[in-house]
Amino acid sequence: MSFNLLVLSCLLYVVFLFAVAFWVEGRAARGRLGWLRSPLVYTLSLSIYCTAWTFYGAVGYAARSGLEFLTIYFGPTLVFVGWWWLLRKLVRIGRQHHVTSIADLISSRFGKSNALGVIVTVIMVVAATPYIALQLQSVVLAFGIFASAAPEGSGPLDPAQIAVWVAVGLACFTILFGTRNLDAREQHHGIVTAIAVEAVVKLVALLAVGSFVVWGIAGGVGEVIARIDAADLSAWQVQPGRWTGLIFLSAAAVICLPRMFQVMVVENEDEGHLARASWAFPLYLMAMSLFIVPIAVIGLDRLPAGANPDMFVLTLPLAEGHGGLAMLAFLGGFSSATSMVIVESIALATMISNHVMIPLWLRLRPGAAAADDLRQVVLMARRLAIAAVLALGYGYYQVSGGSAALAAIGLIAFLGVAQVLPAMIGGIFWRGATRVGAMLGLLTGLAVWAYTSFLPSFGPGAALPATVFTEGAFGLAWLRPHALFGTQAMDPMTHALFWSMVLNCLAFCLGSLLTFPGPVERLQGAAFVNVFEGAVGPQRWARGQVEPEALLTMAQRIMGEEAALTFFQTAASAQGKEGFLPDPTPAFLDGLESRLSGSVGAATAHAMISQLVGRATVTVEDLMAVASESAQILEYSARLEAREAELTRTAGALREANEKLTQISLQKDAFLSQISHELRTPMTSIRAFSEILTEGGLPEETVVRYGRIIHDEAKRLTRLLDDLLDLSVLENGAVQLTVGLASLQEMIDKALTAARATRPEREFTIIRDLPSEAIYLRTDADRLTQVFINLISNARKYCDAARPELRIAVRQRAGRVTVDFIDNGKGIPKDAQALIFEKFARLTDANRAGGAGLGLAICREIMTNLGGSVAYLPGQGGAAFRVTVPLRLETLAA
Amino acid sequence: MRGPKRPLFLARAPYRRRRLRDAARLLPVLGLLLLILPLLWAPEAQMTLTANDVIYFFSVWLFLILLAAAFAPGLRGGEGRDEDED
């Protein structure tokens, strides 16, 4: 087995994973996930629980401590087989509140407190760092075994170098697929599928090695049983306390580990998948541990005494001369390590960016919420956080020297994340849990864990002075890290578990009982605990004095232009309004906040909206008022409210229609006088000049000049009448369309050339994205070009910027093409936006228009005839129009 | 704030479904009992690892998985009204 071959196959495997993730992302983008969101993939992705610690470490654990390794799988088994109701509640809350991470869940539950988010983030990062280091170490160890087995000089090997390469590679993969976009629900289909593939690889690898050991080396099940009975392993000292404690610990960890929370709650597509996972995931765990004991026993038997039991999975096939099998085992271990690191770093990066980096950034630059493109900032923060997490893991690996046994580090990490359990379970089942309680509990747990478990793990004299171990901190004997309050009977692990959990719960309960929660906290508490009973409580926002346009601008910076516009449009039409700007009602603000929190976390979203709207104005009195009403009145008023909302919507629509009608009628009067004026001016000059001509006796050149004036005026008249006729034909739908295949790019080219005639003295910068325009449409090219010409000419006429710019953006989605024309001028005032498409409408400054105000009305009619639409796009920093046209125009006549 | 009143007594089918859920909820308790039981078989000092222990634990494990698989279809149905508490 050549070392180079190993590296090569490793690289090929990574390329394969890239391809899988890439392919799935592509399908997800087209909305065709199909079986990729099945319960099977969900269950396999849960196997992220089995890291390199399981793959390599379990055998070592079994060789050292007998069956104790099983406790690590019994905990999750018990949680999954029976406590789906707990998991389902988590998943439902995660969905309803757009939870992005476990830190977000806790911060959101306790009044969107960012301080709590920071505490949870710190716990998670501290606990996960050694765990990530462990994964790097396992890969390095595995490489080392192959290198030492290979012939001399076939592979130059420096562990530190390998660790660096692995860390950098993982960072690249994670950044590439974990931060592609800022999804509203933080889902990463590509990564989930890649992880499901890795889950299969590691299971197959372990089963293959196990089968080889049982049937290939030992010679059958009976033999193996005999060997187990005979093995040294039998000196297995089990303590009931430790056994039970470890089962509890692993049960807590499977809920609280950031990566488990990520795949279980955040990436969940369908609550129903949990039912399948309730037995399939334990089955997977059982299959993973089926051959652990035989491998450990045979390994101890066959391999030299000094061999590292953590690496038996690799060394056993190698020692027996099965290079191919060893290679498979290596890939299995590689899969376990990489999948864990990828998901863990995504989960941690989400927490770090949402709870630490973005709030800091907003604090340092107040007003940035509305000023910069936050999406890029958030994504960049995530990328930096991923790199930082991996760098921390690598640093820990370097500092610790990668010596400690795998199992010890894993358990310490488990105990660290388990500190979140009381706040989480308390938060979703007990409405009385308060922010102060949660904070006290978490801090106490963190402190006890650090003092009794994490810091001592570096060894006496490293993080804690050796005297502290023997005499206790400050010389107080009851503060010894392994015997708090004189409890010496327990082993260090059980001791740390016992005291950290007891003190954590105590602080949490006492803190909650003695403090009074704030209004937002109580609302969130009710919403979380009663998540299955639908929406509760009053709205969180009072009707704000905020311009919807400012909200739109902010939302665009976070959600992206398309998503934000769609969201606002939907909200506006639900209120019975046209266009993109809904009223900032409390319900709308709530919806917007919840949507934004999917991208940047609840605390940040809340802070950003309050920046614009002002403080959330719900008070304790509001809550009391609601609480005192009886359920019947509530139900009755809910019905009334629904009807009232309906009435308000209708009234709103009517009022809007009425306003429009009044204005149109005014415009019409104005237009009639305008049109008579427009008709009379040329008429007057035609009459006057023709009278002069009739009298005769004029010089030749004067006759020619007068003739030309008459001709020009007649032409102007004709054009006016043509426009009017055109409009009436379009309105009656009696227009003849010549439908054919045409290139969008050519149409825009043509329109730009034609529009140059309008105010030719102005130098316009045109910004286009040519590749996106390479679309062929089945439509009436001339008519569509006419619309483009009109919009471009309008921009040329009215754009008042010193350096005028026109941006043309083309997008294609769901069988429709949108073309946006956006200039950098002052834009159109809000009260005029509703009117510009009406016939005869003109903005106040009529002189500048020079037309009869029919252009946009004609455009609208043309687009209706072409099965599309043209609309004003607010909030783009200038006047902006969006033309929407179907890819294929279905003609009715044909 | 409770929603509309729920019926006090249920028809046979929903009744069975709820008891099935109760059974599923009790499963971890049964499992924990079975997994701790072997520790009580012998005094602490004489605890040794035999193949029988391994077989016992894996049998319990398989038993729990099979029970969970039997309950799983019942967990999916009836989403909605009769949600959390019995």
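A polar contact here is a pair of N or O atoms within 3.5 Å; within protein, one of them must be able to donate a hydrogen and the other to accept it, and residues adjacent in sequence count only if both atoms are side-chain atoms. Keep that in mind for later. What you're looking at is a predicted model, where local features need pLDDT of at least 70, side-chain atom pairs count only at pLDDT 80 or more, and totals for chains, interfaces and linings use all residues. Residues are numbered from 1 along each chain as its sequence is written, chains are lettered from A and ligands numbered from 1 in the order in which they are written, and side-chain values use heavy atoms, with hydrogens and water left out.

Let's start with the two chains. Chain A has 894 residues, 56% of which count as buried (under 20% relative accessible area; exposed is over 50% and partly exposed in between, with a 1.4 Å probe and protein chains only). Chain A holds 36 helices and 9 strands, taken as DSSP runs numbered from the N terminus (helices are H or I, at least four residues; strands are E, at least two). Chain B has 86 residues, 35% of them buried, with 2 helices and 0 strands.

Now for the inside. In soluble globular proteins, nonpolar side chains tend to be buried together. A nonpolar core, in this sense, is a set of buried Ala, Val, Leu, Ile, Met, Phe, Trp, Tyr and Cys residues joined through side-chain atoms within 4.5 Å. The largest one has 196 residues, and Tyr49(A), Phe69(A) and Phe330(A) touch the most other members. Helix α7 (residues 114-149) of chain A gives this core its largest share, 20 residues. Another core, of 48 residues, lies apart from it and includes Leu791(A) and Phe821(A). Back at Tyr49(A), its contacts (heavy atoms within 4.5 Å), leaving out residues up to four places away in sequence, include Ile72(A), Val254(A), Phe281(A) and Phe414(A).

Ser45(A) sits in helix α2 (residues 39-46) of chain A and is buried, because its relative accessible area is 2%. Its side chain reaches the backbone oxygen of Tyr42(A) at 2.7 Å. Beyond its neighbours within four places in sequence, Ser45(A) is in contact with Val192(A), Ile195(A) and Val263(A). Thr434(A) is in the loop between α20 (421-429) and α21 (435-454) of chain A, and it counts as buried because its relative accessibility is 1%. Here's that polar contact: the side chains of Thr434(A) and Thr515(A) are joined at 2.9 Å. Thr434(A) also touches Phe110(A) and Glu521(A), among others.

Finally, a look at some strands. In chain A, strand β3 (residues 740-743) runs antiparallel to β5(A), joined by 4 bridges; two strands pair if DSSP finds at least two bridges between them. Leu741(A) stands opposite Arg778(A) in β5(A). Strand β5 (residues 776-779) has a covered face, Leu777(A) and Thr779(A), while Tyr776(A) and Arg778(A) make up the uncovered one.
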